Amino acid sequence: MARGNSSSGASRKTPFILLSVVFIAGIAFAGAFNVGLHATNELEFCTSCHSMKVNLEEYKQTAHYKNRSGVRATCSDCHVPKAFVPKMIAKVMAGKDLYHEILGTIDTQEKFEAHRWEMASRVWAKMQANNSQECKSCHDFSQMDLAVQGRSARNRHGRAEDEGKTCIDCHKGVAHTEPDEPETEAKKG
C-alpha cells in the first residue's frame, strides 16, 4: 500500500514540475526576446551594415543627432513604431534591408544610391499612412508653441493641421538627404 501512495504522489508532482519548467522557459524566452528587440533598436546595430554608413553620416549633420537641447532621436525613434504589432511588422520589413545587404543589392554607396528613391518612397508612404506617428511621439501640433516659431514655420504648421497634413508631407529630407526623383521615360521625351 505504501508503494501505491508513493507513485501516486510522484505522478501528481509531474504536472507541477512540467508547468514550472514551461513557466520558467517562457520567462527566459520573453526576457531574451525583449533584450533582442532592444539591441536591434540601437543606433550601433542599425548602422552596422555598410550601406547604412551613408545614412549615418547624413544623420550626424541634422538636429535629430545634435542640437542645443541635447535630445537625440535615433533610427528606431523614427523608423520603429512603439506599439507591439506595428513594431513586429517593422522588424520583419527591416529584415528585407538586411537580406538585400547580404545579397549585395545595396552593399555599396553606388548601389544604395541607385535604390534610394524606391526605399525612401516606401518609408514616406508608410509615414503618410500612419499619420507620421513616430514623428508625433516627439513633435505634435497640439504641443507646438507657434508663437516662438519663425513666421514661415508658424504659418505652415498652423495650416498643416487644419488641412490634414502630416509631418512627412513637408519634411522628407529632415534626417537624410532627400533623393532626386528618377527621370521616367515620359519626362525624358
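**Notes on the model**

1. Charge first. The protein chain carries 25 positive and 23 negative charges, and their mean positions lie 9 Å apart. Bear in mind throughout that the model is predicted.

2. Secondary structure. There are nine helices and zero strands in the protein chain. In sequence order the pattern reads α-α-α-α-α-α-α-α-α.

3. Overall dimensions. The radius of gyration of the protein chain is 25 Å, whereas a compact globule of 189 residues would have one near 16 Å. The C-alpha trace spans about 95 × 45 × 35 Å along its principal axes.

4. Burial and surface. Buried residues make up 24% of the 189 in the protein chain.

5. Contacts along the sequence. Among contacts in the protein chain with a separation of 6 or more, 62% are between residues 24 or more positions apart.

6. Thr62 sits in the loop between α3 (52-59) and α4 (75-79). Is Thr62 buried or exposed? Its relative accessibility is 14%, so Thr62 counts as buried, the cut-off being under 20%.

7. Surroundings of Thr62. The side chain of Thr62 reaches the backbone oxygen of Tyr59 at 2.8 Å. Leaving aside residues up to four places away in sequence, Thr62 touches Val174 and Ala175.

Technical notes:
Residues numbered from 1 in each chain as written. Predicted model: local features only at pLDDT ≥ 70, side-chain atom pairs only at ≥ 80, totals over all residues. Heavy atoms only, no water. Helix = DSSP H or I, 4+ residues; strand = E, 2+ residues; numbered from the N terminus. Rg over C-alpha atoms; globule rule 2.2 N^0.38 Å. Buried < 20%, exposed > 50% of the residue type's maximum accessible area, 1.4 Å probe, protein only. Contact = heavy atoms within 4.5 Å. Lys, Arg positive; Asp, Glu negative; His and termini not counted. Charge placed at Lys NZ, Arg CZ, Asp CG, Glu CD. Polar contact = N/O pair within 3.5 Å; in protein donor to acceptor, adjacent residues only side chain to side chain.
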